[in-house]
Amino acid sequence: MPKRSKEDTEITIQTIMDAVVDQILTLGYDKMSYTTLSKQTGISRTGISHHFPKKQDFANALDGRIFCLFIEKLDLNAGLQEFVNSWLSALDDEKFRATLRLLFHHIATAESTSEFSKRGIERLYQMCQERFGDESEKELEWLLGKSLIRLVR
């Protein structure tokens, strides 16, 4: 069998990653599997696992993309109270909750916090600190706790 071109490989990886995002947002990370991805993409489970040997590899590869999906629901340009209000409103959005579930999943189920969740939390704190100042730390902690409670209801 001839070797695949770099472009073909990149297209395959992008196809897989698009399906991963879609399934994280619709099925949830827990229900996404190599089988569901294979059915959606037409790429064999073996082909998918060649590029992503562990399920955790999907989250690591999507790190920036997931973060952008998450913060697009938030008002980052007004003030701290508007940010808090936008977060609380975003909790009604299933896609926003799906990104939160992904973040919490990697915090709660890993033996040590995964790089994906660690970077996500650090980015949130840094973003809030830069935009809203020191008082944002307490608000962000409250929002994360409120979100966790909302997700388990």
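Arg97 touches Leu91, Asp92, Arg150 and Leu151, leaving aside residues up to four places away in sequence, where contact means heavy atoms within 4.5 Å. The model is predicted, with local features requiring pLDDT of at least 70 and side-chain atom pairs counting only at pLDDT 80 or more, while totals for chains, interfaces and linings use all residues. Residues are numbered from 1 along each chain as its sequence is written, and side-chain values use heavy atoms, with hydrogens and water left out.

- Arg97 lies in helix α7; helices are DSSP runs (H or I, at least four residues), numbered from the N terminus.
- Arg97 counts as buried because its relative accessibility is 14%; buried means under 20% relative accessible area, exposed over 50% and partly exposed in between, with a 1.4 Å probe and protein chains only.
- The axes of α7 and α9 are 11 Å apart, and the two helices pack at an angle of about 100°; axes are lines fitted to C-alpha atoms, for helices over the stretch in contact, and angles run from 0 to 180 degrees between N-to-C directions.
- α7 and α9 are therefore roughly perpendicular to each other (under 35 degrees counts as roughly parallel, over 145 as roughly antiparallel, 65 to 115 as roughly perpendicular and the rest as oblique).
- From α7, Arg97, Leu100, Arg101 and Phe104 meet Leu144, Ser147, Leu148, Arg150 and Leu151 in α9.
- This contact of α7 with α9 comprises five nonpolar, one polar and three charged residues; Ala, Val, Leu, Ile, Met, Phe, Trp, Tyr, Cys and Pro count as nonpolar, Asp, Glu, Lys and Arg as charged, and the others, Gly among them, as polar.

**The contact of α7 with α8**

- α7 and α8 have axes 8 Å apart and pack at an angle of about 120°, which makes α7 oblique to α8.
- The crossing of α7 and α8 is left-handed (the near helix is turned anticlockwise from the far one by less than a right angle; clockwise would be right-handed).
- Leu102, Leu103, His106 and Ile107 in α7 meet Phe116, Ser117, Gly120 and Ile121 in α8.
- By class, the contact of α7 with α8 has five nonpolar, three polar and no charged residues.

**The contact of α8 with α9**

- The axes of α8 and α9 cross at roughly 140° and come within 9 Å; α8 and α9 are therefore oblique to each other.
- α8 passes α9 in a right-handed crossing.
- Residues of α8 in this contact include Ile121, Leu124 and Tyr125, and those of α9 include Ser136, Glu137 and Leu140.
- The contact of α8 with α9 divides into seven nonpolar, two polar and two charged residues.

**Nonpolar cores**

- The largest nonpolar core has 22 residues, and Leu74, Phe83 and Trp87 have the most contacts inside it; such a core is a set of buried Ala, Val, Leu, Ile, Met, Phe, Trp, Tyr and Cys residues joined through side-chain atoms within 4.5 Å.
- At least two residues of this core come from each of α5 (63-71), α6 (80-90), α7 (94-108), α8 (115-132) and α9 (136-152).
- α6 supplies the largest share of this core, five residues.
- A second, separate core of 20 residues includes Leu25, Tyr29, Ile48 and Ala59.

**Ile16**

- Ile16 is found in helix α1 (residues 6-26) and counts as buried, at 0% relative accessibility.
- Apart from residues up to four places away in sequence, Ile16 touches Thr41, Ile43, Ile48, His51, Phe52 and Phe58.
- Ile16 and Ile48 are 32 residues apart along the chain, with 7.2 Å between their C-alpha atoms.
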